[in-house]
Amino acid sequence: MSRERILVCVAWPYANGDLHVGHVAGAYLPADIFARYQRLKGNQVVMVSGSDAHGTPIVVRAEKEGKTPRQVFEYFHARFLETQKAIGISYDLFTHTDTRNHHVIAQQMFRRLLENGRLFKAKQKQLYSETQGKFLPDRLVEGTCPICGYDKARGDQCDNCGNLLDATQLINPRSRIDGSTPIVRESEHYFLDLPAMREQLLAYLSDKDSYWRNTVLDFSRHYASTAEPRAFTRDLTWGIPVPLPDAEGKCIYVWYEALLGYLTATVEWAALSGQPDAWQDFWYTKDGQVKIYNFIGKDNILFHTVLWPAVLLGMGRLGEPWDGGRSGDTLRFNLPYDVPANQYLNLGGQKFSKSLGVSLDVIDLADKYGADPVRFYLTSIMPENKDADWSWSDFAQRNNSELLAKWGNLVQRTLSQIWRNFEGRIPIPGPFNESDQAMLAQSETAFNEVGESLDAVRLREALGKAMELATATNQYLDREAPWKAIKADRARAATQLYVAARVIDSLSILLSPFIPFTCEAVRKQLGYEAPLFGEQIIDIVGDESDRHSVLRYDGRRASGTWKPSTLQPGQLLSGEPKGLVAKIELPAA
RNA sequence: GGUGACGUAGCUCAGUCGGUAGAGCAGGGGACUCAUAAGCCCUUGGUCACUGGUUCGAGUCCAGUCGUCACCA
């Protein structure tokens, strides 16, 4: 198997509120499962994301709380780091969009698109506040909805009828800051020339039928074929300034610079790794061995399947300062290989909503129940094809009857017999009979079968296949009954328990992308020293004017490989086996 | 309003090229006892959202209706 390069790009959380399990189920967890699997396969994996630091909602929140936008985003950024570490999302780099690196490259992106004729200037009508002397962002205006008549519609959307609006459509508009009446004024902006790129985009989408999700592809094609120009800049105070002398007060539209984060985070990762050019292996190399995956929620599909490819195509090749002087005219960026977008996770039938208090704090859950029970449940209901719903009783039930009863108990019953009867050492097996061989063979083919589902990013299915092997192992034990054999034929019992332990060893790999903490613990019990995966570290990087905290992955000690167990007879267990998974008892509702 | 997706057992989901529905969990029964009363064996559950159409035959194709969701206007 040749070594592939896999770039796992994960949606950038917007730093104006905490993460909830919906975010985790939708993007971060699937990305992590996939990245862990690819690492086990021996591929070169880089997984990047970061906090989206700019934009109006952060400014609004800051004004409300009497803080600066920077204080707001830094507060949430720090919490994002803790949250994702707690739930075990193994980013190679989780950074943010207010770094010097990101600013520099974002402005370069703008210049490249302009030079390549992909941006053009046009006038746009916007609401302007005379009392404040600035253009008002759409969501800072309210007025009467022209569609339903609701009198508190926001400039971007009416909360009553749900229709999206243009602020200039509002009847009797007023500023949400001071209540004054804004006037309509023209503002000049840059637009991304999507019509000019329709053909190129459709060509990009033309060979995805065999593996893209059907919720993603048709939708994207339709949009690509009809796409109109889209604003690329905004009148904003908190963002990355348009790098032109006549563009005072204008910033790059937050959406685009956040997308660019996939590239800039890879660049930053490379620099932090001491191989400043290594990012090019992922974004430039055209050897057919690079695959870029974008893990996102369904609301972001078009941005990733159409707009981001358009930007990448539009940049064509890179100029200074990040191409190392190596790029030629024919080079262009690699585009996303797959965009396995998930649907939404709801909570008790309701959408997650910070303002309505419909939320589940991830750190809380991880503290209370452990990361793996949460990961296990979220994977088994992962909204791959349709919206899913978090249910507390289902969470407890799946934990107790599947994670604990099937997997945890399998480990416990096997290891405790070994501990008690074989002095805590993996027993030395005799000859394998047909039943033993079938059991071992099943555990070996499971690597292909589970791997096939993981490669196709069908994670629920992959977990299901791995759990089938756990069931088969329980069946093997019941069939063989080593607790009986131990009385009559100790050598036979040794073989049976060896086989079971070896399959458990394999299972600890097969399940590890999903429930890494539990699997690491099993391996420790089995007597292994080296961990399967590396460690996540919260780190402070950058020089004085660019200091920022990030989440990194240190994979130096990682030893896991996606291969069947070769468990050594005689290996000493680490101690008396004790339960891996706690039972979840919910208070009666 | 436009585009697209989804709606299958109490719950979570499979159903490939159309041939009167499957799994796991829950529920019911049983034999065992190594194990966190877990595991194993057997088993009860479905007008496949609705209405029409094509077909010898449709969960599976077509049209429409309803419901849910996302994006776009």
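Me: Is Val 457 buried or exposed?
Reply: This is a predicted model, and every value here is computed from it. Val 457 has a relative accessible area of 3%. The cut-off for burial is under 20%. Val 457 therefore counts as buried.

Me: Where does Val 457 lie, and what is its phi?
Reply: Val 457 is in the loop between H13 and H14. It is a residue other than glycine, yet its phi is positive. The value is near 55°.

Me: Ala 481 also sits in a loop. What is the phi of Ala 481?
Reply: The loop with Ala 481 runs between H14 and helix H15 (482–488). Ala 481 has a relative accessible area of 9%, so it is buried. Its phi is positive, in a residue other than glycine. The value is near 45°.

Me: Which residues does Ser 453 contact, leaving aside neighbours within four places in sequence?
Reply: Ser 453 is part of helix H13 (residues 434–455). Its relative accessibility is 0%, so it counts as buried. With those neighbours set aside, its contacts are Arg 458, Glu 461, Ala 462 and Lys 465.

Me: What does Asp 436 touch, not counting residues up to four places away in sequence?
Reply: Asp 436 is in helix H13. Its relative accessibility is 0%, and it is therefore buried. Beyond those sequence neighbours, Asp 436 touches Pro 431, Tyr 476, Arg 492, Thr 495 and Val 499.

Me: Is Arg 420 buried or exposed?
Reply: Arg 420 lies in helix H12. Its relative accessibility is 58%. Exposed means over 50%. Arg 420 is therefore exposed.

Me: How many Å separate Arg 420 and Glu 576 in space, C-alpha to C-alpha?
Reply: In sequence, Arg 420 and Glu 576 are 156 residues apart. In space, the C-alpha to C-alpha distance is 8.7 Å.

Me: Now the RNA. Which residues come nearest to RNA strand B?
Reply: There are 42 residues around RNA strand B. To be included, a residue needs a heavy atom within 4 Å of the strand. Those that come nearest are Lys 298, Lys 351, Asn 385, Asn 409 and Arg 413.

Me: How many residues of the surface near RNA strand B are charged?
Reply: The nonpolar class has 10 residues there. The polar class has 16. The charged count is 16.

Me: Of the RNA strand B atoms within 4 Å of the protein, what percentage belongs to sugar or phosphate?
Reply: The RNA atoms within 4 Å of the protein divide between sugar or phosphate and bases. Bases make up the rest once sugar or phosphate is counted. The sugar or phosphate share is 78%.

Me: Which residues are closest to the centre of the second largest pocket?
Reply: That pocket has a volume of about 520 Å³. Its lining has 25 residues. Helix H1 (21–40), strand S2 (44–51), helix H7 (254–272) and strand S17 (548–554) each give two or more of them. Closest to the centre are Val 45, Asp 92, Tyr 553, Gly 555 and Arg 556.

Me: How many residues in the lining of the second largest pocket are nonpolar?
Reply: This lining has 6 charged residues. It also has 8 polar ones. The nonpolar count is 11.

Me: Which residues line the largest cavity?
Reply: The largest cavity has a volume of about 30 Å³. Helix H3 (69–87) and helix H10 (362–369) each supply at least two lining residues. By class, the lining has 3 nonpolar, 1 polar and 3 charged residues. They are Asp 18, Leu 19, Arg 79, Thr 83, Asp 361, Val 362 and Ile 363.

Conventions:
Residues are numbered from 1 along each chain as its sequence is written. Chains are lettered from A and ligands numbered from 1 in the order in which they are written. This is a predicted model: local features need pLDDT of at least 70, side-chain atom pairs count only at pLDDT 80 or more; totals for chains, interfaces and linings use all residues. Side-chain values use heavy atoms; hydrogens and water are left out. Ala, Val, Leu, Ile, Met, Phe, Trp, Tyr, Cys and Pro count as nonpolar, Asp, Glu, Lys and Arg as charged, and the others, Gly among them, as polar. On a 1 Å grid over the protein atoms alone, a cavity is a set of points where a 1.4 Å probe fits but cannot get out, and a pocket is an open set with protein on both sides within 12 Å along at least five of seven lines; lining residues have an atom within 4 Å of a point. Grid points are joined across faces, edges and corners, and a volume is the space filled by probe spheres set on the points. Helices (H or I, at least four residues) and strands (E, at least two) are DSSP runs, numbered from the N terminus. Buried means under 20% relative accessible area, exposed over 50%, partly exposed in between (1.4 Å probe, protein chains only). Contact means heavy atoms within 4.5 Å.
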